Amino acid sequence: MGLPASSITGARSAGTYQRHQPEKTTLYAVVRENLATLYTAVEAGFEGAALPPFVRKELDGYLDCGLLCRGFARLKCDACVEQHLVAFSCKGRGFCPSCMGRRMCQTAANLIDHVLPPDVPLRQWVLTVPFVLRPRLGYDGKLLGAVTRIFVDSVLGWYRRRLRTTTRERAESGAVAVVQRTSSDLKLNPHLHVVFLDGAYVAGPDGQPVFRALPRLSTTDVADVLQVARARILRHLERRGVISVDDEALLVDDDLGQRDPALAQLAAAAVSGLAPAGPEVRRRPVELAFEGRSGVVISAPLSVREFGFSLHAATRAGGEDEKGREALLKYVLRPPLASERLLPGPDGLVRIALKKPFSDGTYAIDLDPLSLLCRLAAAVPPPRFHTVRYAGVLAGASKWRTLIVPRPAPAPADQPGAPERCPPSNQPDPGARPRSNYRPWAELLRRTFGIDIDTCPRCGARMRLIALITEPPEVARFLRHLGEPTEPPSRAPARDPPYWQSRVLRRKHGHDPDHSGQQELFDG
Ligand SMILES: [Zn+2]
Ligand SMILES: [Zn+2]
């Protein structure tokens with residue numbers, strides 16, 4: 001190697017760069033200790049069916065994420081003595097907090113720098129769907145894509161009609177639609193967070209697009225949008241044979257249960273929040289009750305429900321509010337679980353501490369490790385499951401798009417010492433031009449190994465790739481030299497049955513002022 005070990009930072013040795021150590025978190029420990037048990041329990045319980053390969057790959061990959069012993073890149077600063085070893089990441093799309101946190105930052109930065117017109121107000125519209133549709137939508141990317149398109153088109157149509165002055169005037173809003181897969185307690189709940197330009201573009205006197213802001217939004221408007229979107233979505237699902245409607249109820253087919261019984265069990269459990277029931281696989285269609293046919297219910301200002309669907313549109317960020325825009329985008333793109341929200345709980349349980357308590361006062365969920373792993377497994381999206389889409393004037397095909405997206409600015413990485421919002425973004429985007437400091441190896445590192453190191457943390461100059469160390473003998477030789485572990489932390493073997501003795505407890509603050517009255521309720 002010809003490199004004195006003492007000049008390398010990035011491992012556990014002291015230095016300006018500290019490798020994040022995922023293996024030190026509660027999440028890592030719980031997965032490491034229970035993954036083999038999950039696999040065994042699923043095979044024992046679900047008629048011999050195993051979890052599908054894409055789920056296992058993600059769970060196994062998470063245990064290797066950020067570990068130097070699984071390979072690393074050597075980077076050196078162009079200007080000073082700084083050197084790093086950077087471990088490969090799992091690039092997880094389901095729950096890995098560090099990979100998804102990094103992607104959140106990249107995507108938010110990309111949206112601000114390349115996609116969303118500056119100085120235009122943004123409004124978030126959140127659509128949730130009935131429980132019985134969630135397992136199906138969670139594993140049918142095409143169907144979820146269609147539901148997303150129908151919903152986004154319904155809202156775009158509403159903006160168009162509201163903001164044009166004559167029926168012949170072209171008025172077009174735009175949207176970035178993000179699929180979130182879970183609720184904050186990690187239950188499977190595929191739902192849509194869509195950020196709309198809160199207004200519409202119309203053609204000015206010279207034919208150039210001019211933004212016209214929405215003057216005001218009422219709860220009745222939100223209810224109108226939900227009624228239209230819900231009817232269109234149900235019509236589409238009916239045409240596709242996913243549901244059938246009779247006088248009393250909606251029936252949902254069991255396509256997932258027939259295609260993949262293990263996944264269907266897992267999904268049903270992850271939606272309800274309970275552990276899988278064991279060998280009994282439900283094959284009958286399930287009913288979606290019409291909830292009394294009372295129509296739209298107002299749950300809060302700009303927030304309405306109808307027959308298991310809900311729509312919320314109260315969150316807005318002004319055009320001048322840079323911080324608010326960025327916070328909104330990060331909220332929309334946030335990972336399902338932040339590392340620090342998973343804690344050891346009492347009696348061998350694991351605690352999900354909620355960032356924002358539920359409306360019933362629940363501030364944490366304590367659950368047994370296997371129930372947690374079921375929720376993590378269900379959080380993994382199937383392959384080719386798109387989570388971010390552009391629509392309206394922001395769609396790649398829109399003629400106005402190039403006229404309204406931000407003009408490319410000098411890249412922050414070119415200014416040493418510039419404050420960094422997030423790790424620099426190289427996110428490819430239909431409208432983004434390659435940056436002036438585009439470097440193919442950096443792109444390669446990002447895509448192949450999930451590594452995102454651009455600037456030296458000591459002096460701000462660029463880092464340069466010296467070598468990729470991927471061959472196990474070479475990796476081991478290097479790490480031995482540094483006194484670093486050459487093997488990953490060992491996984492616990494599978495426990496013996498019985499497996500599905502689920503314990504899920506909701507922790508609630510009582511109504512007494514001293515908060516001493518803590519309730520334990522069985523979830524579900
Ligand atoms: Zn440097
Ligand atoms: Zn990862």
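Predicted model: local features only at pLDDT ≥ 70, side-chain atom pairs only at ≥ 80, totals over all residues.
Strands of a sheet pair through backbone hydrogen bonds, either parallel or antiparallel. Here, strand 7 (residues 199–203) and strand 8 (residues 209–213) run antiparallel, and five bridges join them.

Now zoom out to the whole chain. There are 524 residues, and 40% of them count as buried. The chain has 13 helices and 21 strands. How much of the contact between residues with a separation of 6 or more comes from residues 24 or more positions apart? Those residues account for 72% of such contacts in the chain.

Three strands form an open sheet in the order 2-1-19, with antiparallel pairing. Its edge strands, each pairing on one side only, are strand 2 (83–87) and strand 19 (463–469). From one strand to the next, the twist averages 25°. Strand 1 (residues 72–77) runs antiparallel to strand 19, and six bridges join the two.

On to the helices. Two packed helices are described by the angle between their axes and the distance between the axes. Start with helix 1 (residues 26–45) and helix 2 (residues 53–64): their axes come within 10 Å and cross at roughly 140°. Helix 1 and helix 2 are therefore oblique to each other, and helix 1 passes helix 2 in a left-handed crossing. On the helix 1 side, the contact is made by Val-31, Arg-32 and Leu-35, while helix 2 brings Leu-59, Tyr-62 and Leu-63. Sorted by class, that contact has five nonpolar, no polar and one charged residues.

Next come helix 3 (residues 97–115) and helix 9 (residues 322–333), whose axes come within 9 Å and cross at roughly 135°. This pair is therefore oblique too, but the crossing of helix 3 and helix 9 is right-handed. Helix 3 makes the contact with Met-104, Thr-107, Ala-108, Leu-111 and Ile-112, and helix 9 with Arg-325, Glu-326, Leu-329, Lys-330 and Leu-333. By class, you get six nonpolar, one polar and three charged residues.

What is the angle at which helix 8 (residues 261–272) and helix 10 (residues 369–378) pack? It's about 110°, with the axes 9 Å apart, and that makes helix 8 roughly perpendicular to helix 10. Leu-266, Ala-267, Ala-269 and Ala-270 of helix 8 meet Cys-374, Arg-375, Ala-377 and Ala-378 of helix 10. By class, this contact has seven nonpolar, no polar and one charged residues.

Most residues other than glycine have a negative phi, and most peptide bonds are trans. Lys-91, in the loop between strand 2 and helix 3, has a positive phi, near 55°. Leu-302 isn't a glycine either, yet its phi is positive, at about 60°. You'll find Leu-302 in the loop between strand 12 (297–300) and strand 13 (303–306).

Are Lys-91 and Leu-302 buried or partly exposed? Lys-91 counts as partly exposed because it has 19 C-beta neighbours inside 10 Å, whereas Leu-302 has 20 and so counts as buried. The cut-off for buried is 20 or more.

The last stop is a peptide bond: Pro-497 and Pro-498 are joined by a cis one, with omega about 0°. Pro-498 lies in the loop between helix 13 (472–482) and strand 20 (504–509).

Notes. Residues numbered from 1 in each chain as written. Chains lettered and ligands numbered in written order. Pairing = 2+ DSSP bridges. Helix = DSSP H or I, 4+ residues; strand = E, 2+ residues; numbered from the N terminus. Buried ≥ 20, exposed ≤ 12 C-beta atoms within 10 Å, placed from the backbone. Contact = placed C-beta atoms within 7 Å. Axes fitted to C-alpha atoms, helices over the stretch in contact; angles between N-to-C directions. Parallel < 35°, antiparallel > 145°, perpendicular 65-115°, else oblique. Left-handed = near helix turned anticlockwise from the far one by under 90°. Nonpolar A, V, L, I, M, F, W, Y, C, P; charged D, E, K, R; others polar.
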